[in-house]
Amino acid sequence: MNFSKSFRNTFLVILLSLIVSACATKKTTTKVEGQMQGDVYTGTDTVKYLADGVPDRVFFATNESILTTKSRDTLRKQANWLRENSSINVVVEGHADERGTREYNLALGERRANAAKDYLITYGISADRISVISYGKERPVDSGSNPLSWSKNRRSVTVKAN
Amino acid sequence: MIRIFNLTFLVFLFLITKANSLIEIDITRGNLDPLPIAVSPLFQSDISKKNSINELKLENVGSEISSVVENNLKTSGLFNPLSKEAFLQKPDIAHLKPRFEDWALIKAQALITGKVTIENKKLKVEFRLWDILAGREMMALAFTTVPSNWRRVGHIISDKVYERLTGEKGYFDTRIIYVSEEGPKTARVKKLAIMDQDGFNTKYLTLGNELVLTPRFNPTSQMVTYLSYFKNLPRVYLLDIETGTQEVVGDFPGMTFAPRFSPDGKKIIMSFAKEGNSDIYTMDLENRIVERITNHPSIDTSPSYSPDNRFITFNSDRSGYQQIYVMKSDGSNVKRISFGKGLYGTPVWSPRGDLIAFTKLHKGKFYIGVMRTDGSGERLLTENYYQEAPSWSPNGRVLIFYRETKSNDKGEGFSAKLWSIDLTGYNERQVQTETDASDPSWSSLLSN
């Protein structure tokens, strides 16, 4: 199931990025000065650090749970840090923006948190050190109603659990 | 905890004059010409007035009840209650025998009269509905209850009048359970709240210590199922409103959410999320048996049963995006029914069985709409910046939902409010709540 799904998702991402790069370059990027790529947040305004150089969060495109190249880079840093600090467990919190129905967003947040968790596992972190929780759209970090605010809220955040 | 539903009404007289009357209301179309109705204040004797002040701290419970009735009829959009200042006949005399010419003169087509007495800690109410054009009584009803129940008396009278004139059950003696919201968007405090359908008698059922979402009534409106983040574990809970006892539903190793009762009240249907995948499950409340209904790598959520328990409509992104599906209640025969442009969510089966209400997102706008259960006949009732989560009135004629406003870059200007709209697409109005509010669920009719 995961194979066909990731295949579909990859296809969608390619399609989406084509659409986005085709029509959104004019609008979005000029407006937010390089803080978004497509509609994924690439800035650092809201980012906190688990340790020096280890960002705590990754960002997602609308309705998506695909990890971008930058997200994978962040999660590899988290995995390294978790390997060095083997006594620390984490909770990965999944979040969605406010532009979706509440119940679907709860599921989407869970899917995003698990995308991050799965990546940490593939980099050698034991599954029992990582729990997940979805907040859906209930805990935004940015309270604005605009594309940049929403991009900051579509995130998964790795938080120390102990 | 809060004893709301154990009120007994003693109906000792019920006469409906079935004689062919001239007035009736067609509620299947948008009503742009509401029926002019005169709601005469219910007459109260001087002795009773003293008791009214002692028992209820109300000068005149009779006119208070008639205000409840007037407000209900007005908000239904089907009636136009006339100004009392124009009434020519005194309440007590009108109740005995109205001078129909006087009421016709002020263009009333129907008249409600009545009488209240408070004696020995009992509230006795009688009322009559008159057809002014035909010059005859259409209905007479009397009942006795405890004085503190006076608002419910007004709601019951409203339901009887609505039913007599439209031919369908009313929805006034009902309650709304919802999520009360306070504080900034980034740290919203949410509590379960319950109120009468007209916004009165608000009670808070949780303290706001943990996040609570999506409360829904069971068919008898005595139980509520909802999502709570108690101890930071998002789980579906069951709450008995009368006793205040609550329990987790099932023993799932992960988040359960989007709960609803089956129409027979025997099961809770909900989503269970595990390893990034949400599927639909049911739990039988009697024998605690859990059944898996869907098994698909997509998100399956927002399930809602058909009123005959035979089908389930739900929300899935198995096509790539959020769409609405219908399946048999054992999970077989899954069919996609939404094919319009945009994303579709929160399907809810109408209590009449013929329609599914939904939320639709298209080009940055949110719509509340309805479609037939095979997906045909899609009709969008209202468009806004953000709105979702419709819930049906028990007679299937009105939808209540919540609407959020856009905030500026600092997060200012945000609000969440309850709104209602008729199935016809007319009569859109805000439902008053003490605080900001979301996730409304409409109870069944409390008295029949």
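1. Confidence in chain B. This is a predicted model. Chain B has an average pLDDT of 93. Of its residues, 94% reach at least 70. One stretch of chain B scores otherwise: over residues 1–19, pLDDT stays under 50. The model still gives that stretch 36 contacts beyond four places in sequence. Read those contacts alongside the score.

2. Scores for the model. The ipTM is 0.92. The pTM is 0.90.

3. Where the chains meet. The contact involves 24 residues of chain A and 34 residues of chain B. On chain A, three elements each supply at least two residues to the side that touches chain B: α1 (2–32), α3 (102–122) and β7 (130–136). Which of them gives the most? That is α3(A), with 10 residues. Sorted by class, this side of chain A holds 10 nonpolar, seven polar and seven charged residues.

4. The largest nonpolar core. This core has 116 residues. Ile65(B), Ile356(B), Ala357(B) and Leu399(B) have the most contacts inside it. Helix α5 of chain B (residues 150–166) contributes the largest share, seven residues. Why does this core lie between two domains of chain B? Domain 1 (10–166) and domain 2 (175–442) both give residues to it, so the core lies between them.

5. A closer look at Ile356(B). Leave aside its neighbours within four places in sequence. Ile356(B) is then in contact with residues including Thr313(B), Ile324(B), Pro347(B), Trp349(B), Val370(B) and Met371(B).

6. A separate core. Another core, of 21 residues, lies apart from the largest one. Its members include Met36(A), Val58(A), Leu120(A) and Val132(A).

Conventions. Residues are numbered from 1 along each chain as its sequence is written. Chains are lettered from A and ligands numbered from 1 in the order in which they are written. This is a predicted model: local features need pLDDT of at least 70, side-chain atom pairs count only at pLDDT 80 or more; totals for chains, interfaces and linings use all residues. pLDDT is the predictor's confidence in each residue, from 0 to 100. Two residues are in contact if their C-beta atoms, placed from the backbone, lie within 7 Å. Helices (H or I, at least four residues) and strands (E, at least two) are DSSP runs, numbered from the N terminus. Ala, Val, Leu, Ile, Met, Phe, Trp, Tyr, Cys and Pro count as nonpolar, Asp, Glu, Lys and Arg as charged, and the others, Gly among them, as polar. A nonpolar core is a set of buried Ala, Val, Leu, Ile, Met, Phe, Trp, Tyr and Cys residues joined through C-beta atoms within 7 Å. A residue is buried if 20 or more other C-beta atoms lie within 10 Å of its own, exposed if 12 or fewer, and partly exposed in between; C-beta atoms are placed from the backbone. Domain bounds come from an automatic or database domain assignment.
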